[in-house]
Amino acid sequence: MAASSSSSSGHGYEVPWVEKYRPTQVADIVGNEDAVSGLQVIARDGNMPNLILAGPPGTGKTTSILALAHELLGANYKEAVLELNASDDRGIDVVRNKIKMFAQKKVTLAPGRHKIIILDEADRTLLAPICW
């Protein structure tokens, strides 16, 4: 479902409703209070561990991690986040090219902040051929 024409992004297409209203702050997430409070601690302290979020489709895993990334990186979000989806990006070429190039890219971030790589739906096929 697309948003109303007044929300057009100016690129000849409309922003989908789910993107238009996706939370950009951890505090805006509604759901599992324990998980949200844990993400709020990470956002507050900036101590970002490696995370694996698991659960059924539609429970807010991607939304939660994107909100956390927005909160941690602020204005640098677009340059400092690489989101890969297993339905689009698979195989060793992804690691050799996209991930490696992103990791080598220079981005100025606040002290204690790091670039974030999101491997969405990694259980599908993204990591299956990369068994080392």
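This is a predicted model: local features need pLDDT of at least 70, side-chain atom pairs count only at pLDDT 80 or more; totals for chains, interfaces and linings use all residues.
Local features here need pLDDT of at least 70, side-chain atom pairs count only at pLDDT 80 or more, and totals for chains, interfaces and linings use all residues. Residues are numbered from 1 along each chain as its sequence is written, and side-chain values use heavy atoms, with hydrogens and water left out.

**The chain as a whole**

The protein chain has five helices and two strands. Helices are DSSP runs of H or I with at least four residues, strands are runs of E with at least two, and both are numbered from the N terminus. From that end, the order is α-α-α-α-β-α-β. The chain holds 132 residues, and 26% of them are buried. Buried means under 20% relative accessible area, exposed means over 50%, and partly exposed lies in between, with a 1.4 Å probe and protein chains only. Take the contacts with a separation of 6 or more: 53% of them join residues 24 or more positions apart. A contact means heavy atoms within 4.5 Å.

**Helices α2 and α3**

Two packed helices are described by the angle between their axes and the distance between the axes. Helix α2 spans residues 33-45 and helix α3 spans residues 61-73. They pack at about 20 degrees, and their axes lie 9 Å apart. That angle makes α2 roughly parallel to α3. Angles under 35 degrees count as roughly parallel, over 145 as roughly antiparallel, 65 to 115 as roughly perpendicular, and the rest as oblique. The axes are lines fitted to C-alpha atoms over the stretch in contact, and angles run from 0 to 180 degrees between N-to-C directions.

Which residues meet? From α2 come L39, I42 and A43; from α3 come S64, L68, E71 and L72. The residues of this contact divide into five nonpolar, one polar and one charged. Ala, Val, Leu, Ile, Met, Phe, Trp, Tyr, Cys and Pro count as nonpolar, Asp, Glu, Lys and Arg as charged, and the others, Gly among them, as polar.

**Inside α3**

Helix α3 has 13 residues and reaches 18 Å from its first C-alpha to its last. This is close to the 18 Å expected at 1.5 Å a residue. The expected span is 1.5 Å times one less than the number of residues. In α3, the buried residues are S64, I65, L66, A67, L68, A69, L72 and L73. They pack against α2, α4 (77-80), β1 (81-85) and β2 (116-120). Just after α3, G74 takes a positive phi of about 55 degrees.

S64 sits in helix α3. N76 lies in the loop between α3 and α4, and E79 lies in helix α4. The table gives their accessibility and their contacts, leaving aside neighbours within four places in sequence.

| Residue | Relative accessibility | Class | Contacts |
|---|---|---|---|
| N76 | 25% | partly exposed | T108, L109 |
| E79 | 37% | partly exposed | F102, K105, V107 |

N76 and V107 are 31 residues apart in sequence, with 8.1 Å between their C-alpha atoms. E79 and T108 are 29 residues apart in sequence, and their C-alpha atoms are 9.3 Å apart.
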